[in-house]
Amino acid sequence: MSAASRRSGGLLEGLYKVFMRRTSVYATFVIVGALVGERAVDYRVHKLWEKNNVGKRFEDIPVLGQRTSE
């Protein structure tokens with residue numbers, strides 16, 4: 001087998017050998033990837049929500065929750 005034919009699927013073959021050869025490693029990769037992806041999306045959506053609602057949130061209104069003096 002020539003070197004060129006062995007290298008043709010180098011990246012995909014390498015990924016297969018590292019992540020998908022054993023079911024336990026593949027399942028762990030999928031679960032960790034889902035958790036990391038969920039955290040990344042949650043962080044970005046939270047930042048976008050805060051940016052779009054500046055001044056409209058409960059924390060931004062200083063008089064809420066204060067009693068008036070009698």
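Leu12 counts as exposed, at 65% relative accessibility. Its place is in helix H2. The model is predicted. Its protein chain has three helices and zero strands.

**Overall build**

- From the N terminus on, the elements of the protein chain run α-α-α.
- Helix H1 covers residues 3-7, helix H2 covers residues 10-20, and helix H3 covers 23-52.
- The protein chain has 70 residues, and 1% of them count as buried.
- Its accessible surface comes to about 6900 Å². Carbon and sulfur atoms hold 61% of that surface.

**Confidence**

- The mean pLDDT of the protein chain is 83.
- A pLDDT of 70 or more is reached by 79% of the residues.
- Among the elements, helix H1 has the lowest mean pLDDT, at 52.
- Helix H3 has the highest, at 95.

- Two elements, H2 and H3, each give two or more residues to the patch.
- Which helix gives the most? H2 does, with five residues.
- Why does Leu12 count as exposed? Its relative accessibility is 65%, and exposed means over 50%.

- Side chains of opposite charge can pair when their charged atoms come close.
- The structure holds two salt bridges.
- One of them joins the side chains of Lys17 and Glu13, at 3.5 Å from N to O.
- How far apart are Lys17 and Glu13 along helix H2? They are four residues apart, about one turn of the helix.
- Lys17 is partly exposed, with a relative accessible area of 48%.
- Glu13 is partly exposed too. Its relative accessible area is 38%.

**Salt bridge between Glu50 and Arg57**

- Here the side chains of Glu50 and Arg57 meet, at 3.9 Å from N to O.
- The pair counts as a salt bridge because the cut-off is within 4 Å.
- Is Glu50 buried or partly exposed? Glu50 counts as partly exposed, at 24% relative accessibility. Buried would mean under 20%.
- Arg57 counts as partly exposed, at 25% relative accessibility.

**To take away**

- Helix H2 holds both Lys17 and Glu13, and helix H2 also gives five residues to the nonpolar patch.
- Helix H3 gives residues to that patch as well, and helix H3 has the highest mean pLDDT among the elements.

Technical notes: Residues are numbered from 1 along each chain as its sequence is written. This is a predicted model: local features need pLDDT of at least 70, side-chain atom pairs count only at pLDDT 80 or more; totals for chains, interfaces and linings use all residues. Side-chain values use heavy atoms; hydrogens and water are left out. Buried means under 20% relative accessible area, exposed over 50%, partly exposed in between (1.4 Å probe, protein chains only). Accessible areas come from the Shrake-Rupley method with a 1.4 Å probe; for residues, only the protein chains shown count as cover. pLDDT is the predictor's confidence in each residue, from 0 to 100.
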